[in-house]
Amino acid sequence: MLRFIIPIGLFAALVGFLFIGLGRDKQTLPSPLIGKPAPIFELPRVDDPTQKFSNRELAGRPYVVNIWGSWCVACREEHEALMQIARRGEVPLVGLNWKDELPLAQRWLQALGNPYVVSGFDPEGNVGIDWGAYGAPETFLVDAQGIIVYKYVSPMTLDVWQREFLPRIEQSGAKGE
Amino acid sequence: MKALFAIFAAVLWAQLALAIDTAPAFADPAQQARYERVIRELRCLQCRSETIADSNATLAADLRRQTREMMAAGKSDQEIFQHMVDRYGDYVLYKPPVTPRTWLLWGAPILLLVGGGAIAAFVIARKSHLPDTDPADPGLGAS
């Protein structure tokens, strides 16, 4: 009897592990930055590189940082959703233009519309690395205390915005007041 | 056959031609060796199964550049690894630290060895009690 139970039991356990593995998202890495202060950056603006922008200017209110690049196909995919989120106007969207070329980035915003209050230009990618970026698009929510409360890796959708971002923004606003 | 070898050799050479950084990063061989050791312990987050030494993804190139800059600035290996872990978590390390979350990972070889050893001992002990001739296996005497 035992000689049947043991192999079948082992097989069932293996199937169980594999089945759990099927349903798990192995692409999204947990960010060690969640719950930590957002890294401060100062970068030339995409619309006017003679001017600098720092996210220090947004301290005291929640904002979203979206990492994008004109080379990034998935950013093209999420662009319409970002435009709609910008129109809703709950929080300002800050763009981090990662590993891009200035004329291409400018043309992108002109052709597709600009959902960002401002985009920082990060051609060398050091600011992106400070934010733990490993592939665009990535979208971070920073609360009024300057803490990263959420990170979403994938093209943004209105559904994700309503499900994941809005409740956290409301929470952050309640704490900030 | 000779043609096949030629193709094989050509493919190998093509692989070499794809080597990541053609020029050494440091003039000092000791520094260069240290650099190569460090970048072999860091994971490329874009390609996951490669070190940043092996990957030609743009992120890997940027992380190699940061590693070079930190080494040139006199940072220790520990400081470089910490810089990467602060941004990307323990996953960036090819040798993750021993923490409660990784006990199973580090303990797995010992567990498998002990478990396999126990099963082997059990089977051997049981078989040694059986009679040498097995009436159910007529082929045994013939072999």
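## The disulfide of chain A

In this predicted model, the link between Cys72(A) and Cys75(A) is right-handed, with 85 degrees about the S-S bond. The two cysteines form a disulfide in which their sulfur atoms lie 2.2 Å apart. Cys72(A) has a relative accessible area of 5% and is therefore buried, and Cys75(A), with a relative accessible area of 2%, is buried as well.

## The disulfide of chain B

A search of the whole structure finds 2 disulfides over all chains, and one of them is formed by Cys44(B) and Cys47(B), whose sulfur atoms are 2.5 Å apart. The torsion about the S-S bond of Cys44(B) and Cys47(B) is about 85 degrees, so this disulfide is right-handed. Cys44(B) counts as buried because its relative accessibility is 0%, whereas Cys47(B), at 26% relative accessibility, counts as partly exposed.

## Two packed helices in chain B

Helix H2 of chain B, which covers residues 29–39, packs with helix H3 of chain B, residues 58–72, at an angle of about 135 degrees, and their axes are 11 Å apart. Because of that angle, H2(B) is oblique to H3(B), and the crossing of H2(B) and H3(B) is right-handed.

On the side of H2(B), the contact is made by Gln31(B), Arg34(B), Tyr35(B), Val38(B) and Ile39(B), while H3(B) contributes Arg64(B), Thr67(B), Arg68(B) and Met71(B).

How values were computed
Residues are numbered from 1 along each chain as its sequence is written. Chains are lettered from A and ligands numbered from 1 in the order in which they are written. This is a predicted model: local features need pLDDT of at least 70, side-chain atom pairs count only at pLDDT 80 or more; totals for chains, interfaces and linings use all residues. Side-chain values use heavy atoms; hydrogens and water are left out. Axes are lines fitted to C-alpha atoms, for helices over the stretch in contact, and angles run from 0 to 180 degrees between N-to-C directions. Helices (H or I, at least four residues) and strands (E, at least two) are DSSP runs, numbered from the N terminus. Angles under 35 degrees count as roughly parallel, over 145 as roughly antiparallel, 65 to 115 as roughly perpendicular and the rest as oblique. A crossing is left-handed if the near helix is turned anticlockwise from the far one by less than a right angle, and right-handed if clockwise. Contact means heavy atoms within 4.5 Å. A disulfide is a pair of cysteine sulfur atoms within 2.5 Å. Buried means under 20% relative accessible area, exposed over 50%, partly exposed in between (1.4 Å probe, protein chains only).
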